[in-house]
Amino acid sequence: MSEPSFELLPGDPASPVLLHVPHSARAIPAGVRAGLLLDDAALERELDHITDAHTAEIASRASELARVRPWRFVNRLSRLVVDPERFPDEREEMRAVGMGAVYTRTTHGEPLRAEDTVQEPLIERYFEPYARAITEAVSERLAAAGRVVVIDVHSYPSRPLPYELHGGGPRPAVCLGTDAFHTPPGLTAAARSAFSPYGKTGLDSPFAGTYVPLAHYGRERRVGALMVEIRRDTYMTEPGGPPGAGLDQVAAALAVLVDSLG
């Protein structure tokens, strides 16, 4: 497969902002597809549910609108290949539903891969290079700008899917995932303000936490982080349909956030 696994899209040399888009793609290499148990129709349905559709486009448009262009790190493969934001070991709570770094279950709890699938080759081929590359990208921004703010761009369904471990709470238009160490109050306040014209914001429900490379996590306070989860019915037709007018609106709000951090 010629499509790269991920891509770093340069922004302004002085920008401290890195927009991270890990779950927007649907591409699956043929060798990985061969190990999935779903037929083609079922796989397309699963991709509709699991993909954060159009989030790469949201980040791209926000980048164009921002006064100072942020950097973007975009996953070009589906999270069904590997999920670059999950721990590849027992630290990952989503392993309880078969959705660690290498998924063995679908969003509805059905078998995706054989339970005895050897996961190490996928981790080595896809997960580890991704982790190294984004660690380098964050380190480079830190060296160039003196600080970094990683904004994770995600989306989530309007109704809970069976795999969600914490799906019983509020589902605002924009869920902001935070971390006690890497999300200072000013960053949260800036996000609430930026997204306020778009819709109601909430904290850490139904998804919590942020993404920071392990080399920096809990160690480097100059690395700030915030997860932005956009409820899908506000900008697209669920589960995997086309975008609507909300896409431009949320991209504009994200650009306001970017500008507030520059």
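## Aromatic pairs around F6

Four aromatic pairs are found in this structure, which is a predicted model. Because F6 belongs to strand β1 (residues 6-9) and F73 to strand β3 (residues 71-75), the pair ties together parts that lie 67 residues apart in sequence.

How is the pair of F6 and Y130 arranged, edge-to-face or stacked? The ring centres of F6 and Y130 are 5.5 Å apart and the planes stand at 80°, so this pair is edge-to-face; the angle is over the 60 degrees that such a pair needs. Here, too, distant parts of the chain are linked: F6 sits in strand β1 and Y130 in helix α4 (residues 120-145), 124 residues apart.

Taken together, ring pairs join F6, F73 and Y130 into a cluster. Which of these residues are buried, and which are partly exposed? The table sets out their values.

| Residue | Relative accessible area | Class |
|---|---|---|
| F6 | 24% | partly exposed |
| F73 | 2% | buried |
| Y130 | 3% | buried |

F73 counts as buried because its 2% relative accessibility is under the 20% cut-off. Y130, at 3%, is buried as well, whereas F6, at 24%, is partly exposed.

Terms used: Residues are numbered from 1 along each chain as its sequence is written. This is a predicted model: local features need pLDDT of at least 70, side-chain atom pairs count only at pLDDT 80 or more; totals for chains, interfaces and linings use all residues. Side-chain values use heavy atoms; hydrogens and water are left out. Rings of Phe, Tyr and Trp (its six-membered ring) pair if their centres lie within 6.5 Å; planes under 30 degrees apart count as stacked, over 60 as edge-to-face and the rest as tilted. Helices (H or I, at least four residues) and strands (E, at least two) are DSSP runs, numbered from the N terminus. Buried means under 20% relative accessible area, exposed over 50%, partly exposed in between (1.4 Å probe, protein chains only).
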